[in-house]
Amino acid sequence: MPVSINDIARKAGVSHSTVARVLRGDVKGAQKRSAEKSAEILRLSAELGYQPDWRARALSRRKTQTIGLLYSNPSWIFEDPMNEIAVSFTESLQQHNYDLRLIPANSQEHWKELIYGGAVDGLAMLLHIPEGTEDAIWKSGLPTILLGDKLGDEVPHVVPDDVGGAYSATRHLIGLGHKSIAFYIDESIRFHVSVDERRQGFNRAIEEAGDCVRGETWQIGSDEAIDRLLTHDRPTALLGYCHVEALKITHAAWAHGLSIPTDLSLIAFNDIMMTRHMTPPLSVVGYDMKEMGHRGAEMLVRCIEKPASKKLQNVVLRQKLIIRGTTAPPASRI
C-alpha cells in the first residue's frame with residue numbers, strides 16, 4: 001500500500017499540513033528546531049518510500065506545473081533555429097519547476113481536450129502558430145506566449161527585429177557598392193510574419209538609396225532563382241530570407257561555376273552551426289536564440305503565477321549583422 005502524507009505525519013509527530021509544506025519545499029524561517037524537524041520529515045519520507053501523488057497535488061493547487069507547446073509538425077520543433085530556442089525555453093521553465101508537454105494540434109481534436117480540460121497551466125508556440133489554434137487559444141483563457149510570431153496585441157510575444165535586420169543587411173550590401181540587389185524568398189517557405197517584415201526592411205533600404213540602386217523581390221523556386229543568376233544582367237548581391245535560400249544558392253552557384261563572393265555576394269538570416277561552417281562561412285543576420293527562449297519562459301511563468309500583475313510588454317530582440325566570407329564589393333569595384 002502506498003505511503004501517504006498522513007503516515008509520515010504520524011511517524012514525525014506533526015500535522016498533515018506541516019509535512020505537506022516541507023515536501024513541497026515551502027519551509028519558512030531558519031530556526032534550528034524548524035530545520036531539524038524539516039530534515040526529519042524528509043528523512044522519514046525517503047525511508048518509508050513516499051511517492052508524491054501528482055494528480056492530487058495538481059487538484060489541490062489547481063495547477064499541473066506543465067506548459068503545453070502547440071505544434072503542427074514535429075520536425076519544425078527540432079530543426080534549426082527552433083531547437084535552440086526550445087532547449088532554452090525548457091531549461092528556463094525547469095528553473096521554475098514547470099515541465100513542457102508537446103501537444104500536436106491536428107485534426108483529431110484530442111489536443112483541445114488537453115487545453116480545455118486543465119492538463120496544462122499555459123501555452124506556448126514556437127516560430128509558427130499552428131493552423132486552427134487561434135480560437136482555441138482565446139476560448140481556453142490560458143496564459144500564452146508566442147516565440148518568434150505574433151497574434152495581435154493581446155497575446156504576449158518575443159520576436160526578433162526582422163525589419164531592422166533586413167535593413168542593416170541591405171545597407172551593408174549597398175555600402176559595398178552593389179547597385180543591383182535581390183531579396184530572395186524560396187517558394188518552399190511557409191507564410192510567416194517575418195516574411196513581410198524582412199521585405200519591409202529590404203525595401204526601406206533600397207528606397208533610401210534612391211535611383212542608383214535597383215532592388216527586386218523574388219518569391220520563386222531555387223531552379224528559377226539560379227536561372228536568373230546566370231543571366232547577363234543578374235544582381236550582384238542577394239539577401240536570402242533565411243539559411244534555406246543560402247544553402248540552395250551556394251550549392252547551385254558551385255554547380256554552375258559562380259564564385260561567392262566574387263560573382264555574387266550572399267547574406268541571409270539565422271546564425272546557426274551550418275551557416276558558420278559553410279564554405280565560405282556565410283554572412284548572416286542573427287539574434288540570440290537562447291535569450292528568446294529564456295525571456296519567453298520568464299514572461300509565461302509571470303502570467304501564470306501573477307495574473308493580476310501589470311500587463312506584460314512584448315519583447316523585440318535586436319538583430320546582429322555578422323560579416324563573414326560571402327559578402328564583398330562587386331567584381332567591377334575590386
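## A buried loop residue

At 14% relative accessibility, Leu127 is buried (under 20% relative accessible area; exposed is over 50%, partly exposed in between; 1.4 Å probe, protein chains only). Leu127 sits in the loop between strand E3 (122–126) and helix H8 (134–140). Helices (H or I, at least four residues) and strands (E, at least two) are DSSP runs, numbered from the N terminus. Phi of Leu127 is near 60°, a positive value in a residue other than glycine.

This is a predicted model: local features need pLDDT of at least 70, side-chain atom pairs count only at pLDDT 80 or more, and totals for chains, interfaces and linings use all residues. Residues are numbered from 1 along each chain as its sequence is written, and side-chain values use heavy atoms, with hydrogens and water left out.

## Other backbone exceptions

Most residues other than glycine have a negative phi, and most peptide bonds are trans. Asn97 also has a positive phi, near 65°. Asn97 lies in the loop between helix H6 (82–94) and strand E2 (99–104). Asn97 is exposed, at 61% relative accessible area.

Two peptide bonds to proline are cis. Ile260 and Pro261 are joined by one, with omega about 10°. Pro261 belongs to the loop between H12 and E9. The bond from Thr279 to Pro280 is the other, with omega near -5°. Pro280 is in the loop between helix H13 (273–276) and E10.

Strand E9 (residues 265–269) is mostly covered, with five of its five residues buried. Ser265, Ile267 and Phe269 are on one side, Leu266 and Ala268 on the other. Both faces are covered.

E9 pairs in the parallel sense with strand E8 (residues 237–240) over four bridges; pairing takes at least two DSSP bridges between two strands. Ala237 stands opposite Ser265. E9 also runs parallel to strand E10 (residues 283–286), joined by three bridges. There, Phe269 faces Val285 across the pairing. E8, helix H12 (residues 243–255) and E9 form a right-handed β-α-β unit. Right-handed means that, with the strands pointing away from the viewer, the path from the first strand over the helix to the second runs clockwise.

Ala237 is also one of the contacts of Ser180 (heavy atoms within 4.5 Å). Ser180 is in strand E6 (residues 180–186) and is buried at 10% relative accessible area.

## Cavities

There are two cavities of 30 Å³ or more. On a 1 Å grid over the protein atoms alone, a cavity is a set of points where a 1.4 Å probe fits but cannot get out; lining residues have an atom within 4 Å of a point. Points are joined across faces, edges and corners, and a volume is the space filled by probe spheres set on them.

The largest cavity has a volume of about 70 Å³. Its lining includes Leu69, Trp76, Met82, Leu126 and His128. Strand E1 (66–71) gives the largest share, three residues. The lining has eight nonpolar, three polar and no charged residues. Here Ala, Val, Leu, Ile, Met, Phe, Trp, Tyr, Cys and Pro count as nonpolar, Asp, Glu, Lys and Arg as charged, and the others, Gly among them, as polar.

The second largest cavity has a volume of about 30 Å³. Leu69, Ala86, Phe89, Leu100, Leu126 and Leu147 line this cavity.

## The largest pocket

A pocket is an open set with protein on both sides within 12 Å along at least five of seven lines. The largest pocket has a volume of about 420 Å³. Helix H10 (193–209) and H12 are the elements that give two or more residues to its lining. Of 21 lining residues, Pro81, Met82, Arg190, Tyr241 and Cys242 lie nearest the centre.

Technical notes
Lists of a residue's contacts leave out its neighbours within four places in sequence.
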